[in-house]
Amino acid sequence: MKIPALISAELRRLTATRMSVVALIALMLVPVLYGGLYLWANQDPYGKFADIPVALVDLDEGAPASDGGGTVDYGSQVADQLVEGGAFSWRQLDAAAAQEALRTGEVDFSVTLPADFSKALTSAAGDTPHQATLVLATNDANNYLASSIGSQAVERIRNSVAELVGREAASRLLTGIADIRVQLQNATDGASQLVDGAGQALDGANELADGTGRLSSGAAQLRDGAGSLADGASQLADGTRTLAQGSSDLAAGAAQVSDGTAEIAGYADRARSAVDEAAGRLPQVRSDIAALLADRGLDQTQIDEVLARLDPIGERLQSGATRVDDAVGQIDRLAAGAAQVSSGAAQLATGAAQAADGAASVSAGAGQLAAATGEAADGAAQLDDGARQLVSGLGTLDSGLVTLRDGLSSGVAQLPDSTPDLRDQQAQTIADPVSVDSGNLAKAGDYGAGLAPFFAALAGWIGIYALFLIVKPISRRAITALRSPVRVTLAGWLTPAMLGSVGMVVLFGVLSLALGFDFSSPVGTLGMLLTASFTYAAIILALNVWLGSVGQFVGLVLMVLQLVTAGGTFPWQTLPAPLAALHHVLPMGYVVDGMRQWMYGGDLSRVSLDLAVLFTWMAGALVLAAIGVARMTHRRTLRDLQPSLIG
């Protein structure tokens with residue numbers, strides 16, 4: 001018999017009765033039921049989280065706002081956001097009701113916002129900053145994965161709260177920085193004005209220094225002049241005292257002169273009277289002399305000669321009288337002047353005494369002036385030194401103010417100008433600085449599509465395993481009649497492989513049509529499923545040929561091993577070392593990898609390795625099966641005659 005005849009004979013045997021047909025169809029649909037129902041049930045569990053009941057307990061009592069503007073209640077804000085977000089079916093309960101609901105399984109977990117939730121969130125602005133607490137309560141007796149989901153949910157809530165508080169804190173910080181920038185700008189303007197003022201003050205200080213220099217020099221000269229004045233005043237005081245003494249003596253002498261001139265004036269007046277009297281009596285005397293001479297007998301000539309000699313005396317007397325009159329006038333004037341001199345000398349003596357007292361006062365004042373001008377000269381010198389120090393200090397101040405102005409200007413330049421909208425965007429960026437931009441080289445779509453390669457590969461093994469429960473691995477009649485191990489092996493392999501392929505085609509239709517999974521390469525994906533079915537059939541055939549019913553059990557063991565080593569759920573790198581080593585050997589892992597590349601549009605160069613491994617397993621299993629069939633055609637063993645433990 002040829003291979004098609006052997007396959008046809010086996011199919012007729014499998015469909016001989018209605019029950020056998022039902023059994024065959026049922027076993028062929030095992031992969032569809034297993035893979036299809038499981039993937040349907042888990043197609044998008046994350047999208048159903050909104051149906052998970054969760055208790056929410058808000059005990060927050062609020063807290064004063066950190067900026068002093070009223071109070072804040074972060075608990076209410078978080079609770080409202082959670083309810084509005086609809087990530088879960090939130091039930092707002094009190095603490096006791098939430099605990100009871102968690103115990104009875106009405107909710108899968110509970111989240112509690114403590115009474116000090118807001119106080120803790122605002123504590124960063126105080127002296128005792130501490131973290132706020134979110135209380136997660138779970139009950140693994142309800143569902144262990146629900147506890148894991150709750151942990152992830154609380155972490156997301158924590159991140160959301162941190163972002164909210166961080167955004168508000170960043171907003172306050174940025175607003176403060178904006179205010180600082182305005183104040184720095186004002187300070188820069190003020191510093192510029194100070195620089196201008198300091199420059200003017202420096203110019204004034206230079207002028208002041210020049211003036212104080214001149215003042216110091218003039219004060220020194222004044223000190224020297226005051227010393228000279230003091231010396232002169234002292235000499236003046238001595239001179240005026242001497243003058244006062246001399247004027248006193250002068251007054252006494254003037255008084256004596258006045259008295260003497262008064263006496264002389266009297267004598268002069270008497271002399272004048274005498275001269276006048278003599279001049280008045282001269283004619284009478286001339287007459288008397290003429291008479292006397294006449295009496296003496298002198299003739300007139302002789303008398304005239306005598307009188308002629310006497311007349312010059314009269315003239316001289318008259319002239320003397322005139323001179324006496326002049327002298328008397330002068331003496332009178334001298335007397336009057338002497339009296340005036342005496343009076344003036346008295347006044348001079350009095351004035352000289354007063355002048356002496358004044359000169360003494362001047363001398364004392366000049367001494368005080370000399371001392372004061374000395375102190376003034378020292379003060380002027382100190383003032384000059386201070387003015388020069390002021391110039392130096394103002395120069396330093398001017399330099400420092402320039403540095404301050406430039407520093408403030410640089411600080412203003414480093415603080416970016418902003419608007420309220422920009423600050424809001426900056427605060428949001430600071431609170432949540434990192435966003436995730438997922439770039440997938442190959443994208444599964446959803447959770448169910450991500451598990452589809454693994455469960456389809458596993459369903460293919462289960463389907464082949466189930467078919468070998470009713471399909472005879474090897475026809476003993478064919479072995480006896482044909483004695484052709486290759487044809488018998490191929491017939492025993494192709495029958496379950498083709499039946500299993502039918503199940504794979506139906507499963508592919510369920511995945512693509514009923515569940516709506518997207519396939520980057522539908523033909524490639526289906527081809528990988530068919531290749532897996534033919535490979536599994538070859539492996540289980542070889543096990544049955546060599547081990548019989550025990551081989552069927554070994555096929556079950558291999559399924560379990562591949563279930564955990566194929567890397568269908570968690571990455572295979574997370575496996576223990578022995579199981580990770582099996583991942584590189586057993587075929588199901590390569591089926592999963594190949595389906596992922598075809599289904600998600602991954603690296604098709606990896607498919608070549610996957611197919612090479614599967615064909616190696618297929619060829620190796622067929623060779624082993626053919627060797628076992630060849631052994632059967634040459635000899636029988638007692639094991640071949642024993643009935644199967646399975647049926």
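## The second largest pocket

Helix α7 gives the most to the lining of the second largest pocket, with five residues, where helices (H or I, at least four residues) are DSSP runs numbered from the N terminus. α7 spans residues 144-295, and both this helix and α10 (447-467) supply at least two residues of that lining each. The structure is a predicted model, in which local features need pLDDT of at least 70 and side-chain atom pairs count only at pLDDT 80 or more, whereas totals for chains, interfaces and linings use all residues. Residues are numbered from 1 along each chain as its sequence is written, and side-chain values use heavy atoms, with hydrogens and water left out.

The second largest pocket has a volume of about 580 Å³, a volume being the space filled by probe spheres set on grid points that are joined across faces, edges and corners. A pocket is here an open set of points on a 1 Å grid over the protein atoms alone, where a 1.4 Å probe fits, with protein on both sides within 12 Å along at least five of seven lines, and lining residues have an atom within 4 Å of a point. The lining holds 18 residues, and P45, Y46, L145, I149 and Y447 lie nearest the centre of the pocket.

Because domain 1 (3-46 + 446-640) and domain 2 (49-175) both give residues to the lining, the second largest pocket lies between them, with domain bounds that come from an automatic or database domain assignment.

One of the residues nearest the pocket centre, I149, is found in helix α7. I149 counts as buried at 17% relative accessibility, where buried means under 20% relative accessible area, exposed over 50%, and partly exposed in between (1.4 Å probe, protein chains only). I149 and D108 are 41 residues apart in sequence, and their C-alpha atoms are 9.5 Å apart in space.

## Helices with a buried face

In helix α2 (residues 18-28), the buried residues are S20, L24, L27 and M28. Seen down the axis of α2, these residues fall within an arc of 100°, so they line one face of the helix; the arc is that of the directions from the helix axis to the C-beta atoms. The exposed residues R18 and M19 are carried on the face of α2 turned away from its buried side.

Helix α5 (residues 95-104) has A98, A101 and L102 buried. Its buried residues also fall within an arc of 100° when seen down the axis of α5, and they therefore line one face of the helix, while the face turned away from the buried side of α5 carries the exposed residues A96, Q99 and R103.

## Annotated segments and further contacts

An unreviewed UniProt entry places the feature "transmembrane region" at residues 21-41, 447-471, 492-517, 523-546, 553-572 and 611-630; such annotations may be inferred rather than shown by experiment. Over residues 523-546 the chain is 100% helix and 0% strand, with end C-alpha atoms 35 Å apart, and over residues 553-572 it is 65% helix and 0% strand, with end C-alpha atoms 25 Å apart; strands (E, at least two residues) are likewise DSSP runs.

D610 lies in helix α17 (residues 605-634) and counts as buried at 2% relative accessibility. The C-alpha atoms of D610 and G594 are separated by 5.9 Å, although these residues are 16 residues apart along the chain.
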